[in-house]
Amino acid sequence: MAYSLYSAIPKKPLNSIFISSPNFIFSTVNKHIPCVTPSIFPCLGGYCTWVSAVSSSVAETEEHLNRHASPGIVAKEYADLNLPERFSEDVGNLRIRQHVNPLRRGLMIPAEAPNWKEVFEDATLPLMVDIGSDLRKEIAGSGRFLMWLAKRNSSSMNYLGLEIRPKLVTRAEYWINDLGLKNVHFISTNAMVSFQRLVSTYPGPLMLVSILCPDPHFKKKHHKRRVLQKPLVDSIVNNLAHGGQFANFYLAFNAWFEVFIQSDVLDVALDMRNYFDAVPDKLVHIDSVDPSLPCDGDGWVLNNPMGIRTEREIHAEYEGCKIYRRVYKKVQH
């Protein structure tokens, strides 16, 4: 006896799979779920429970497929880096805490500024600082974004990544050494307390700051843990140089801008937006001065202006999430 349960099962696309158990056989054709045929179905009393179990299995299977497919997409998009899959013995396979409390006492100590002449081959080049990375749903921002930019602009720009998780920095530095890049560096630190000390000692101009898909800290009581707070905003806008000085670099992006923020979580994006919109005498959003980066009706930039997507961005868009972006220019006085 067979029952067609097509209308009872989610019709969201899946990769073709086959699941078999003593109680049912379930298959997908053409990446959709057309039917479920019980092999043993002794009574209709268990119908709802059975359908619920199948639906749960479908959701879990799709999550598993997405989680394991998106790293392959990331690797493909960053294929130009030709990063080795191996890690040093000190790094190994990374198991990272998904959420770190930046207000923990041990993380509230500002990092010491390095000797910039030892860190970068030319410490007078304009600097881009990328603050933080995101680890939700097992997709780690492992530094490929900055490495790709550094390789592309090896003689015109330096890149500094600030990451609170030491193991991610260890892995990124391992890759940097393997690639032989001399214009990108990562520091394990809490950007909330270290940004000012670090950028104020850098010999060259601070040209661009990005905060891309930061840890959302969803609970309202934990919003104070979000990396972007007013002191950091003030430090960013006060240290930024005006981008018009670096036209040659900006030609690669077809726009001039000094701050780039984005998140796949609307609440986080709005939070960051409110902070930067609150200083109109120092920053203006790109849509008011430059039409080269189109925005939607709500003022979110439609496309990533950097020439490549971040790792979290790739994963989020693969899942069908919207990315909320804002791009700001410094006001010239």
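## A buried serine

At 0% relative accessibility, Ser194 counts as buried (buried means under 20% relative accessible area, exposed over 50% and partly exposed in between, with a 1.4 Å probe and protein chains only). You can find Ser194 in helix α5, residues 191-201. Helices here are DSSP runs of H or I with at least four residues, strands are runs of E with at least two, and both are numbered from the N terminus. Setting aside neighbours within four places in sequence, Ser194 is in contact with Ile109, Pro110, Ala111 and Thr189 (contact means heavy atoms within 4.5 Å).

Before we go on, a word on the model: it is predicted, so local features need pLDDT of at least 70 and side-chain atom pairs count only at pLDDT 80 or more, while totals for chains, interfaces and linings use all residues. Residues are numbered from 1 along each chain as its sequence is written, and side-chain values use heavy atoms, leaving out hydrogens and water.

Let's look at strand β6, residues 184-188, which is mostly covered: four of its five residues are buried. Strand β5 (residues 158-163) pairs with β6 in the parallel sense over five bridges (two strands pair if DSSP finds at least two bridges between them). Here Tyr159 stands opposite Val184 in β6.

From β5 the chain crosses through helix α4 (residues 166-179) to β6, and this β-α-β crossover is right-handed. Right-handed means that, with the strands pointing away from the viewer, the path from the first strand over the helix to the second runs clockwise.

## One side of helix α8

Helix α8 covers residues 266-277, and its 12 residues reach 16 Å from first C-alpha to last, close to the 16 Å expected at 1.5 Å a residue (the expected span is 1.5 Å times one less than the number of residues). Its buried residues are Val268, Ala269, Met272, Arg273 and Phe276. Because they cover an arc of only 135° around the axis, they sit on the same side of α8; the arc is that of the directions from the helix axis to the C-beta atoms.

What do the buried residues of α8 pack against? Their partners are β7 (206-212), α6 (230-239), β8 (259-263), β9 (283-285) and β10 (324-330).

Cys213 is buried at a relative accessible area of 0%, whereas Cys321 is partly exposed at 31%.
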